[in-house]
Amino acid sequence: MTNNFEEDLKRLEELSSEIKQSDISLETALKDFEEGIKLAKKMEKQLEGIEAKIQILMKEPVEENNGAENSKSKKGKDSHIGPSLELFDGTTEVKGTRNV
């Protein structure tokens with residue numbers, strides 16, 4: 001059974017809600033907790049893979065489509081820098097739910 005990340009996240013949220021119920025048995029809470037831990041570990045591995053892909057993509061050289069040189073390509077070494085995205089410019093730390 002392979003779920004995608006969104007389905008796993010939805011299930012993890014369901015498990016969290018179930019565990020918080022006051023009328024849940026200890027046995028059921030433990031079962032839900034174990035399932036949640038397994039899901040969280042699986043999702044963490046998926047996120048690490050996504051982060052690695054993003055790092056690779058950010059380091060790839062930019063190909064010129066029209067052959068015209070822009071101001072960056074005239075500067076020499078800057079012509080092999082990956083795309084400049086404000087979201088990933090390195091000046092802002094992105095924080096998620098993972099504890100590092």
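Select Ile19 to begin; it lies in helix H1 (residues 5-19). Helices (H or I, at least four residues) and strands (E, at least two) are DSSP runs, numbered from the N terminus. The model is predicted: local features need pLDDT of at least 70, side-chain atom pairs count only at pLDDT 80 or more, and totals for chains, interfaces and linings use all residues. Residues are numbered from 1 along each chain as its sequence is written, and side-chain values use heavy atoms, with hydrogens and water left out.

Stay on Ile19. Its relative accessibility is 31%, so Ile19 counts as partly exposed. Buried means under 20% relative accessible area, exposed over 50%, and partly exposed in between (1.4 Å probe, protein chains only).

With Ile19 they make a nonpolar surface patch of about 350 Å². Helix H2 (residues 26-59) gives the largest share of the patch, three residues.

Next, pick Glu35, also in helix H2. Glu35 is partly exposed, with a relative accessible area of 28%. Beyond its neighbours within four places in sequence, Glu35 is in contact (heavy atoms within 4.5 Å) with Arg11 and Leu15. Draw a distance to Leu12: the C-alpha atoms are separated by 8.3 Å, 23 residues apart along the chain.

Finally, show the whole chain. It has two helices and zero strands. Of its 100 residues, 9% count as buried.

Notes:
Patches are made of residues with over 30% relative accessible area and no salt bridge: like charges are joined within 9 Å, nonpolar side chains (Val, Leu, Ile, Met, Phe, Trp, Tyr) within 5 Å. Accessible areas come from the Shrake-Rupley method with a 1.4 Å probe; for residues, only the protein chains shown count as cover. A salt bridge is a side-chain nitrogen of Lys or Arg within 4 Å of a carboxyl oxygen of Asp or Glu.
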